[in-house]
Amino acid sequence: MAGQVLLLRCADQRGIVAAVASFLAEQGATITESNHFNDGTSGLFAMRTAFAGDGAPLPDVEILRQRFAPIADRFAMDWSLHDMARRPRLLLAVSKFGHCLFDLLHRWRAGLLPVDIVGVVSNHDDMRSFVEWSGLPYHHLPMKPEGKAVQEARFAALIDETDPDLVVLARYMQILSPMLCEKVAGRCINIHHSFLPSFKGAKPYHQAHDRGVKIIGATAHYVTTDLDEGPIIEQDVRRVTHVHAPETLVALGRDVECQVLARAVSWHIERRVMVNGNKTIVFG
């Protein structure tokens with residue numbers, strides 16, 4: 001990822017796209033990608049514009065922010081400008097199921113996920129050898145007799161220490177407290193199995209098999225204080241039939257979980273996701 005990305009939203013009104021394009025031209029930028037969305041139900045206009053220098057280096061991102069501010073004020077924009085040369089910092093959290101963690105680390109090692117991973121947190125010690133083999137810090141935060149609050153306080157302190165741009169719950173099987181949810185609001189993605197109907201508790205794929213479901217799937221969403229009800233970033237499904245054994249459903253389900261989470265993380269770090277109330281706008 002190179003260049004810069006401008007994200008904005010405001011009430012729909014004439015001249016927004018022209019104002020942005022003119023501003024970028026005045027700065028010596030060329031637009032490399034532009035996506036717009038007009039929500040006819042609410043009158044919201046949203047826009048993602050990626051741009052780069054047209055032969056010469058662009059002004060510093062802070063200077064561009066200062067120069068763009070009057071245009072943003074004129075249209076009452078909620079906006080942000082991001083330097084895509086800066087690699088986002090990721091903190092991963094996992095419990096005993098490692099498939100999503102393995103997938104993300106493979107993508108990172110292969111150069112497909114251009115981020116700096118600042119560490120892996122777990123309430124179990126199962127993933128330590130693989131994480132440390134990958135050259136990453138492993139933070140074992142077990143549940144101890146003193147209770148969940150103490151463990152979460154250590155998690156919160158680690159977030160302060162590592163200062164991640166995104167926390168990824170890669171099958172971290174602990175419910176975050178409201179305090180921790182608020183701390184990572186807008187920068188924490190969770191992945192979970194999603195079925196029609198939904199099955200909670202132990203062995204959800206076995207429950208699905210017992211009910212004869214025809215579709216299994218996964219959902220990646222931002223974490224909020226409402227358990228598993230945060231704004232959805234990505235979902236996918238696989239069709240299954242009566243011939244699939246529970247173990248096959250587990251394998252298929254884990255595969256789709258990996259893919260859905262990887263897409264959600266990639267779109268987030270590419271600044272393609274905009275939270276809009278209890279849902280998201282995802283720019284393709």
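The model is predicted. The protein's secondary structure consists of eight helices and 13 strands. Its radius of gyration is 21 Å, close to the 19 Å that the globule rule gives for 284 residues, so the protein is as compact as a globular protein of that length.

**Overall build**

- The C-alpha trace spans about 60 × 40 × 35 Å along the principal axes of the protein.
- Buried residues make up 46% of the 284 residues of the protein.
- Among contacts in the protein with a separation of 6 or more, 66% join residues 24 or more positions apart.

**Helix α2**

- Helix α2 covers residues 61-75, which is 15 residues. From its first C-alpha to its last it reaches 21 Å, close to the 21 Å expected at 1.5 Å a residue.
- At the N-terminal end, α2 is capped by Asp60. A side-chain oxygen of Asp60 lies 2.9 Å from the backbone nitrogen of Glu62.
- At Phe68 the helix α2 bends by about 40 degrees. A proline, Pro70, follows within four residues.
- Phe68 is also one of the buried residues of α2, along with Val61, Leu64, Ile71, Ala72 and Phe75.
- The cover over the buried residues of α2 includes the strands β1 (4-11), β3 (44-53) and β4 (78-83), and the helix α1 (16-26).

**Ala76, after α2**

- Ala76 follows α2 and lies in the loop between α2 and β4.
- The phi of Ala76 is near 55 degrees, which is a positive value in a residue other than glycine.
- Ala76 is exposed, with a relative accessible area of 62%.

**Helix α5**

- Helix α5 takes in residues 148-162, again with a stated length of 15 residues. The span of α5 from first C-alpha to last is 21 Å, close to the 21 Å expected at 1.5 Å a residue.
- Buried in α5 are Gln151, Glu152, Phe155, Ala156, Leu158, Ile159 and Thr162. Seen down the axis of α5, these buried residues fall within an arc of 155 degrees, so they line one face of the helix.
- The face of α5 turned away from the buried side carries the exposed residues Ala149, Asp160 and Glu161.
- Packed against the buried residues of α5 are the strands β5 (89-94), β6 (116-122), β7 (138-140) and β8 (166-169), and the helix α6 (178-183).
- Just after α5 comes Asp163, with a positive phi of about 50 degrees.

- His221 lies in strand β10, which covers residues 215-222.
- With a relative accessible area of 2%, His221 is buried.
- Leaving aside residues up to four places away in sequence, His221 touches Cys188, Ile189, Asn190 and His192, as well as Asp228, Glu229, Gly230, Pro231, Ile232 and Ile233.
- Asp228, one of the residues that His221 touches, lies in the loop between β10 and β11 (232-239).
- The phi of Asp228 is near 55 degrees, a positive value in a residue other than glycine.
- Asp228 is partly exposed, and its relative accessible area is 37%.

Definitions and conventions: Residues numbered from 1 in each chain as written. Predicted model: local features only at pLDDT ≥ 70, side-chain atom pairs only at ≥ 80, totals over all residues. Heavy atoms only, no water. Helix = DSSP H or I, 4+ residues; strand = E, 2+ residues; numbered from the N terminus. Expected span 1.5 Å × (residues − 1). Bend = angle between axes of the 7 residues up to and from the residue. Buried < 20%, exposed > 50% of the residue type's maximum accessible area, 1.4 Å probe, protein only. Contact = heavy atoms within 4.5 Å. Polar contact = N/O pair within 3.5 Å; in protein donor to acceptor, adjacent residues only side chain to side chain. Arc of directions from axis to C-beta. Rg over C-alpha atoms; globule rule 2.2 N^0.38 Å.
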